[in-house]
Every structure is written in structure tokens, then in C-alpha cells.
Amino acid sequence: MSRKPRTALSLSIALSALLALPPAIAQSAAPPPRDPPPTTGSDATRTTAPPTASSRITPTFAEFDVDSDGKISKAEAAVDGELTRDFAKRDQDMDGALSEAEYHAGPTPRDDGKRK
């Protein structure tokens with residue numbers, strides 16, 4: 001007679017373990033966290049600081065013209081202190097924007113605005 005209670009107890013423990021198994025498996029099979037999508041198109045913003053004067057590489061016209069309208073606005077030039085400072089000197093037609101020719105005609109870091 002002592003076998004019946006032990007068997008019932010063993011079956012009860014085994015059944016409880018089987019019922020608890022699926023939630024335990026589901027928790028360990030969770031997918032890894034997803035990385036955020038890369039920023040592209042009009043969402044792209046300049047997140048790095050402009051280079052220092054000593055290590056400065058002059059950005060291209062296209063790097064400043066983020067909206068690709070063929071001009072550099074004052075807002076687009078604001079990411080670079082030197083370009084902001086020289087904006088009025090470079091804006092020859094005084095339309096409030098720099099054309100590609102006006103951008104390239106301006107002073108460069110090498111000559112500091114001084115012509116020899």
C-alpha cells in the first residue's frame with residue numbers, strides 16, 4: 001500500500017514539472033534586442049563636431065549643402081564656425097546663400113583671408 005501514495009506523488013511532481021517547462025523554454029528563446037535603423041535621407045543630421053583649425057580638412061560644397069538645393073544657406077553654414085564667420089564676405093551677390101562658385105572663391109584656412 002505504500003506504493004500508491006509514492007506513485008501518486010511521483011506522478012504529481014512529474015506532471016507539475018512538465019506543465020512548468022513551456023514557460024521556461026519560452027523565456028529563454030526570446031529574440032535579441034534590435035538595433036535602431038540607420039539614419040538616412042532627410043533625417044540625417046551632422047552629429048560630429050567640426051574639426052579643429054589645426055587638423056582642419058576643408059569640407060566639400062556638397063557636405064554643407066545638406067538639402068541639395070545647389071546653395072549653402074546660413075543655417076547649413078552654421079555647423080562650421082569659419083564658414084559662418086566668412087559667410088558675408090563670400091556671399092558676393094548678397095542673396096543670403098552661397099553658390100558653389102562663391103564657396104570656392106572664399107578664403108581658405110591656409111591663407112587666412114590674406115592675399116600675397
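User: In which loop is the place of alanine 78?

Analyst: Helices here are DSSP runs of H or I with at least four residues, strands are E runs of at least two, and both are numbered from the N terminus. Alanine 78 is exposed, with 53% relative accessible area; exposed means over 50%, buried under 20% and partly exposed in between, using a 1.4 Å probe and protein chains only. The C-alpha atom of alanine 78 is separated by 9.3 Å from that of phenylalanine 64, 14 residues apart along the chain. The place of alanine 78 is in the loop between helix H3 (74–77) and H4.

User: Good to know. What is the mean pLDDT of the protein?

Analyst: This is a predicted model, where local features need pLDDT of at least 70, side-chain atom pairs count only at pLDDT 80 or more, and totals for chains, interfaces and linings use all residues. Residues are numbered from 1 along each chain as its sequence is written, and side-chain values use heavy atoms, leaving out hydrogens and water. pLDDT is the predictor's confidence in each residue, from 0 to 100, and 53% of the residues reach 70 or more. The mean pLDDT of the protein is 73.

User: What pattern does the protein follow along the sequence?

Analyst: The protein has five helices and two strands. Read along the sequence, they give the pattern α-α-β-α-α-β-α.

User: How much of the protein is made up of buried residues?

Analyst: The protein exposes about 9500 Å², and carbon and sulfur atoms supply 61% of that area; accessible areas come from the Shrake-Rupley method with a 1.4 Å probe, and for residues only the protein chains shown count as cover. Of the 116 residues in the protein, the buried share is 18%.

User: In which helix do aspartate 86 and lysine 89 both lie?

Analyst: Aspartate 86 is buried at 3% relative accessible area, whereas lysine 89 is exposed at 57% and arginine 85 is exposed at 58%. Aspartate 86 and lysine 89 are three residues apart, about one turn of the helix. Both lie in helix H4 (residues 81–90).

User: And which side chain of opposite charge is nearest to aspartate 91?

Analyst: Aspartate 91 is in the loop between H4 and strand E2 (97–98). Leaving aside neighbours within four places in sequence, aspartate 91 is in contact with Gly96, Ala97, Leu98 and Glu102. Lys and Arg count as positive and Asp and Glu as negative, while His and the chain ends are not counted. Aspartate 91 is buried yet has no salt bridge, and the nearest side chain of opposite charge, 6.4 Å away, is lysine 74.

User: What is the phi of methionine 94?

Analyst: Most residues other than glycine have a negative phi, and most peptide bonds are trans. Methionine 94 is in the loop between H4 and E2 and is exposed, with a relative accessible area of 71%. Although methionine 94 is not a glycine, its phi is positive, at about 50°.

User: Which residues does serine 73 touch, not counting those up to four places away in sequence?

Analyst: Serine 73 lies in strand E1 (residues 72–73) and is partly exposed, with a relative accessible area of 26%. The C-alpha atoms of serine 73 and serine 99, 26 residues apart along the chain, are separated by 9.2 Å. Beyond four places in sequence, serine 73 touches Phe87 and Gly96.

Definitions and conventions
Contact = heavy atoms within 4.5 Å. Salt bridge = Lys/Arg side-chain N within 4 Å of Asp/Glu carboxyl O.
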